[in-house]
Amino acid sequence: MLYTELMPLDIDELIQKSKKPFEPRLSSVECSNQTSPLVTVKEQPQLILDPIWINQIDDIEGPLYERYIKNNPDYKSLYLRQTVANRLYEAASLLPSGLKLVLRAGHRPMTVQRAEFQRMIDKCLQQNPDATPTESLEFARTYVSDPDISLPPHCCGVAVDVDVFDTTQNRLVDFGCPVNTNDQIAALHSDRATTKQYANRMVLLRAMLKAGFAPDYDEWWHFNYGGTAWALFYEKPYSLYGTVEPTF
């Protein structure tokens, strides 16, 4: 299995490690800029593709992707680095019987990244008119990578936003909140999740860890392989991939 090449710790230890923030030093991680092509993710027996711009579950990211695709019609699929796509297929195969991984987002064009970051700043100021510029910036950085201080993992083709579909119930698994929820309950180990919702998160987390992905402290649905947060989580000296744009 792919994850045997990577795992320095057992899964229970990694879960414990994920309970502490590990991203404040993102800018300190150097990138080795390894080569791995950006490829179209293929649907698998245990992997469903449901792009966020088709099933729009938020009022920011989906519309921004939709606008980008309108101006760049060749960008019409979900894309990842080949190595990351392979690990995603592995993660999907590791879910319990009856569950299918749902990929919402993979690669993100830099223009979408910058627009989304600014929208999050604007959203903070709309909801909190008295917020200072610094406070709105920190709010945005909680949910969206700032391209001026880090390598956004989605723009590197190394990050995935995922859901899980329960075929026995014919519905999405209950994780406590939808993908792209900007609230404390979105945090991976949020104490606002019910016992069942938290157990569901741990099922997903175990599969993704076994496939070599790093989790995100603030978002239960976000994972990456080869990015700066991945390097910090697995205590690697450098990240694997820099930003990439499609060459269609």
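## Strands, a pocket and aromatic rings

Strand β5 and strand β6 (residues 159–166) run antiparallel to each other and pair over six bridges. Here a strand is a DSSP run of E with at least two residues, a helix is a run of H or I with at least four residues, and both are numbered from the N terminus. Two strands count as paired if DSSP finds at least two bridges between them. This is a predicted model, in which local features need pLDDT of at least 70 and side-chain atom pairs count only at pLDDT 80 or more, while totals for chains, interfaces and linings use all residues. Residues are numbered from 1 along each chain as its sequence is written, and side-chain values use heavy atoms, with hydrogens and water left out.

Let us stay with β5 for a moment. Ala105 stands opposite Asp161 in β6. β5 also pairs with strand β3 (residues 47–49), this time in the parallel sense and over three bridges; Leu49 has Leu103 of β5 as its bridge partner. Strand β5 covers residues 99–105, and six of its seven residues are buried. Buried means under 20% relative accessible area, exposed means over 50%, and partly exposed lies in between (1.4 Å probe, protein chains only).

Rolling a probe the size of a water molecule over the atoms shows where empty space is left. A pocket is an open set of points on a 1 Å grid over the protein atoms alone, where a 1.4 Å probe fits, with protein on both sides within 12 Å along at least five of seven lines; lining residues have an atom within 4 Å of a point. The second largest pocket holds about 240 Å³ of space, a volume being the space filled by probe spheres set on the points, which are joined across faces, edges and corners. Its lining has 15 residues, and Asp166, Val173, Asp174, Lys196 and Asn200 lie nearest the centre. β6, β7 (171–172) and α6 (195–210) each give two or more residues to this lining, with α6 providing the largest share, five residues.

Now for the aromatic rings. Rings of Phe, Tyr and Trp (its six-membered ring) pair if their centres lie within 6.5 Å; planes under 30 degrees apart count as stacked, over 60 as edge-to-face and the rest as tilted. By this rule there are nine aromatic pairs, two of which are shown here.

| Pair | Centre to centre | Between the planes | Type |
|---|---|---|---|
| Trp53 and Tyr65 | 5.1 Å | 35 degrees | tilted |
| Tyr68 and Tyr75 | 5.3 Å | 85 degrees | edge-to-face |

Trp53 lies in the loop between β3 and α2 (61–71), and Tyr65 in helix α2, so their pair ties together parts that are twelve residues apart in sequence. Trp53 is buried at 11% relative accessibility, and Tyr65 is buried at 0%. In the other pair, Tyr68 is buried at 14% and Tyr75 is buried at 2%.

Ring pairs also link Tyr225, Trp230, Phe233 and Tyr234 into a cluster. Two of these rings have a charge over them, which requires NZ of Lys or CZ of Arg within 6 Å of the ring centre and within 35 degrees of the ring normal. The charged end of Lys17 sits 5.4 Å from the centre of the Phe233 ring, and Arg87 lies over the face of Tyr225, 4.2 Å from the ring centre.
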